Amino acid sequence: MDALAFRRIQALIAKESLKSCGTFDNSVEAKDSRLNSVRRSCSSFLDLQEQTNQSTSSTIPLDRFDKLGIVGRGTFGLVYVVKDKDEVEPEQVLYSLKCMTKSSIVQRENQKRVLIEKHALQASSASPFVITLLA
């Protein structure tokens, strides 16, 4: 979705929310103040969108891990249990590795769903009940 389409959708949402409140006033000052309040309330969404547009590349080579087994099979690929080859045995930490193929994602037109999952994992990384996205 490009920036112009996003702004159009944002304007439509703001207009509909103003209509639903029953305080739809046509004066320019009233419109500006209501739009500014909607923009402030949606600022966290805009911040998240700006963060995702920035390229954050953290690459971890796949040959760094040993595959121990398959946890499950999903729509896009497989989820493995892996361990780091470089870690010492007593402090061994297990990771889950989700392997997805770009062709299956594009073929099923699920690019947005994959990005939503990525953003959800990045946003909830501070929670002790959610796994941390490394790369």
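The model is predicted, so local features are taken only at pLDDT of at least 70 and side-chain atom pairs only at pLDDT 80 or more, while totals for chains, interfaces and linings use all residues. Residues are numbered from 1 along each chain as its sequence is written, and side-chain values use heavy atoms, with hydrogens and water left out.

Let's start with the sheet. Three strands make up an open sheet in the order 1-2-3, and the pairing is antiparallel. Helices (H or I, at least four residues) and strands (E, at least two) are DSSP runs, numbered from the N terminus, and two strands pair if DSSP finds at least two bridges between them. Strand 1 and strand 3 sit at the edges, each pairing on one side only. From one strand to the next, the twist averages 35 degrees; for this, axes are lines fitted to C-alpha atoms (for helices over the stretch in contact), and angles run from 0 to 180 degrees between N-to-C directions.

Zooming in, strand 1 (residues 65-73) and strand 2 (residues 77-84) run antiparallel and are joined by seven bridges. A hairpin of three residues takes the chain from strand 1 to strand 2. Gly-69 has Val-81 in strand 2 as its bridge partner, and Ile-70 has Tyr-80. Tyr-80 turns up again with a charge: Lys-67 lies over the face of its ring, 4.3 Å from the ring centre. To count as such, NZ of Lys or CZ of Arg must be within 6 Å of the ring centre and within 35 degrees of the ring normal.

Next come the aromatic rings. The structure holds one aromatic pair. Phe-65 and Tyr-95 form it edge-to-face, at 5.9 Å centre to centre and with 70 degrees between the planes. Rings of Phe, Tyr and Trp (its six-membered ring) pair if their centres lie within 6.5 Å; planes under 30 degrees apart count as stacked, over 60 as edge-to-face and the rest as tilted. Because Phe-65 lies in strand 1 and Tyr-95 in strand 3 (residues 94-100), the pair ties together parts that are 30 residues apart in sequence. Phe-65 is buried at 15% relative accessible area, whereas Tyr-95 is partly exposed at 25%. Here buried means under 20%, exposed over 50% and partly exposed in between (1.4 Å probe, protein chains only).

Finally, there is Glu-109, in the loop between helix 4 (102-107) and helix 5 (111-123). Glu-109 is not a glycine, yet it has a positive phi of about 55 degrees. With 66% relative accessibility, Glu-109 counts as exposed.
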